[in-house]
Amino acid sequence: QCPSHPIASTTSSSLSMSNAADLHTGYEWLARDKIDAYCDEMSATEPLKHEIVWMDIETGQTGESVDTRSNKCGGADDSESMYVEMVDPILQLPLYPVPAVHLPTPGQIHTLNNVEPRNIRMANDLIDPDNGSGFDGRFCVTLRASDTGRIAQTATLMRLVNVTRQESFDGSLLAIRVECVAEGLVEVQQIINPNCWSKEQRIKKSDEYLVANVRPMGEDNMRKGDDDRLVVQAIAEKAAYDFDFVRRVYSSKDGISTNELPEWAIDAVRSNLPSLSARDFVDSFWQCAEHWQQLSNTIRMVIRSELNSDVNEITIDEACKLGGPLKLPVHRSELPIDVQKRLNGMEEAAAQNFIELGNDPIVSFQIILSMKNGLDRLNYLALLISRERQRLEAKNRLQQVFEVGADDATRPMMSSNITSSFD
């Protein structure tokens with residue numbers, strides 16, 4: 001097996017992941033492990049000022065950040081804080097917790113499918129600002145951790161631009177699909193109505209959605225000094241070089257890429273993953289981060305598709321062994337206990353392998369959102385890209401060793417056969 005970059009020293013409890021089959025990575029414990037690994041790797045450089053602050057929805061209280069070693073990486077209490085200046089007054093907007101991270105990429109269309117009553121009502125209120133809600137089409141999307149249920153304090157400000165309604169045969173509304181664009185980042189200051197998120201309200205399927213006081217965050221355009229420009233340029237050039245290597249590997253239908261992605265995914269990478277320059281990483285950082293997140297999501301989709309195929313095949317085979325007519329869909333709870341454990345083990349192993357792969361499309365990007373200056377964001381994204389390049393290079397070297405070994409093993413055998421035939 002090709003060496004990877006282990007970034008999570010998980011415990012047995014961590015491996016019992018609630019969304020293992022989905023290869024979900026939106027966990028606080030994973031964010032903590034990633035930050036700890038990053039602090040270790042960057043210990044010889046200038047201290048970093050960053051944190052992910054998590055907020056309990058029902059109490060509105062903020063807990064400790066995932067940065068558990070602020071003496072190494074800096075923190076909110078540092079006297080020389082590099083936090084981006086808050087430039088606008090507090091806004092009161094709907095808050096939409098999701099199990100994903102949406103980057104504030106200019107011009108990028110984000111799609112959200114709303115089926116829960118609270119989300120449908122929120123979409124309706126945003127569509128019609130004259131209905132008394134007082135909202136102007138803007139709302140906030142933030143990551144909700146699957147292991148703790150808490151939300152990240154740094155959220156993405158969205159504006160609704162298009163709506164598609166899905167109705168039943170009798171005209172009742174089933175779902176609303178909204179398209180929106182990002183307008184920047186905000187910091188959640190206070191949740192106005194936390195009681196609407198209580199267990200009782202969720203059981204009742206209440207249509208009341210969260211509303212929060214948020215403060216927009218100003219843009220950080222890297223650092224301005226001459227020394228900082230040199231640092232930024234060096235990091236950006238390295239990021240562009242590594243990105244081009246990774247892009248060429250995943251765009252090729254020869255070599256190791258065929259073991260990483262199926263043909264349809266390679267075609268998708270060729271079509272959607274552009275070449276990026278060092279200037280792109282400086283002047284259009286969020287677009288570059290968006291491209292890397294798209295690649296991470298593609299890799300996740302491929303692994304998840306292969307996992308689901310294997311799980312479904314075993315599920316159908318085992319269901320057929322039970323005798324009688326096959327009833328679809330087959331529910332896992334109807335299968336023998338040992339088969340259920342086998343399938344659960346497959347999913348948890350696949351989820352852990354995906355985490356160790358290092359191509360997480362969720363918490364890695366929440367870490368980037370939560371960093372308070374452009375240089376740290378660039379540095380962290382560059383590190384993610386560099387790790388993937390190193391992984392692919394190591395895998396390529398390993399494959400070459402096996403190929404050379406196979407050739408060496410074949411040559412004496414061929415020579416021996418020729419000699420014996422002449423004999």
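Is R118 buried or exposed? R118 is buried, at a relative accessible area of 6%; here buried means under 20%, exposed over 50% and partly exposed in between, with a 1.4 Å probe and protein chains only. A few notes from going through the model follow.

1. Ground rules. This is a predicted model, so to speak of local features pLDDT has to be at least 70, and side-chain atom pairs count only at pLDDT 80 or more, while totals for chains, interfaces and linings use all residues. Residues are numbered from 1 along each chain as its sequence is written, and side-chain values use heavy atoms, with hydrogens and water left out.

2. R118 pairs with E116 through their side chains, at 3.4 Å from N to O. The criterion for a salt bridge is a side-chain nitrogen of Lys or Arg within 4 Å of a carboxyl oxygen of Asp or Glu. While R118 is buried, E116 is partly exposed, with 40% relative accessible area. R138 and D136 make another salt bridge, at 3.2 Å, N to O. R138 counts as buried because its relative accessible area is 17%, and D136 counts as partly exposed because its value is 39%.

3. Helices here are DSSP runs of H or I with at least four residues, strands are runs of E with at least two, and both are numbered from the N terminus. E260 is buried, since its relative accessible area is 13%.

4. The largest pocket. Its volume is about 960 Å³. A pocket is an open set of points on a 1 Å grid over the protein atoms alone, where a 1.4 Å probe fits, with protein on both sides within 12 Å along at least five of seven lines; lining residues have an atom within 4 Å of a point. Points are joined across faces, edges and corners, and the volume is the space filled by probe spheres set on them. The lining has 36 residues, and V98, P99, A100, H102 and L112 lie nearest the centre. Two or more lining residues come from each of β2 (91–98), β3 (109–114), α4 (117–127) and α10, with α10 giving the largest share, 7 residues. By type, the lining divides into 15 nonpolar, 13 polar and 8 charged residues; nonpolar covers Ala, Val, Leu, Ile, Met, Phe, Trp, Tyr, Cys and Pro, charged covers Asp, Glu, Lys and Arg, and the others, Gly among them, are polar.

5. L126 and D136. L126 belongs to helix α4 and is buried, because its relative accessibility is 5%. Its C-alpha is separated by 6.5 Å from that of D136, 10 residues apart along the chain.

6. The peptide bond joining L328 and P329 is cis, with omega about -5°. L328 counts as exposed because its relative accessibility is 64%. Together with I316 and L326, L328 forms a nonpolar surface patch of about 270 Å² accessible area. Such a patch takes residues with over 30% relative accessible area and no salt bridge, joining nonpolar side chains (Val, Leu, Ile, Met, Phe, Trp, Tyr) within 5 Å and like charges within 9 Å; areas come from the Shrake-Rupley method with a 1.4 Å probe, and for residues only the protein chains shown count as cover. H331 is in this loop too, partly exposed at 43%, with its C-alpha 9.2 Å from that of A319, 12 residues apart in sequence.

7. Positive phi values. Most residues other than glycine have a negative phi, and most peptide bonds are trans. L23, in the loop between α1 (12–15) and α2 (28–41), has a phi near 55° and is buried at 0%. K205 has a phi near 55° as well; K205 lies in the loop between α5 (199–203) and β8 (211–216) and is exposed, at 63%.
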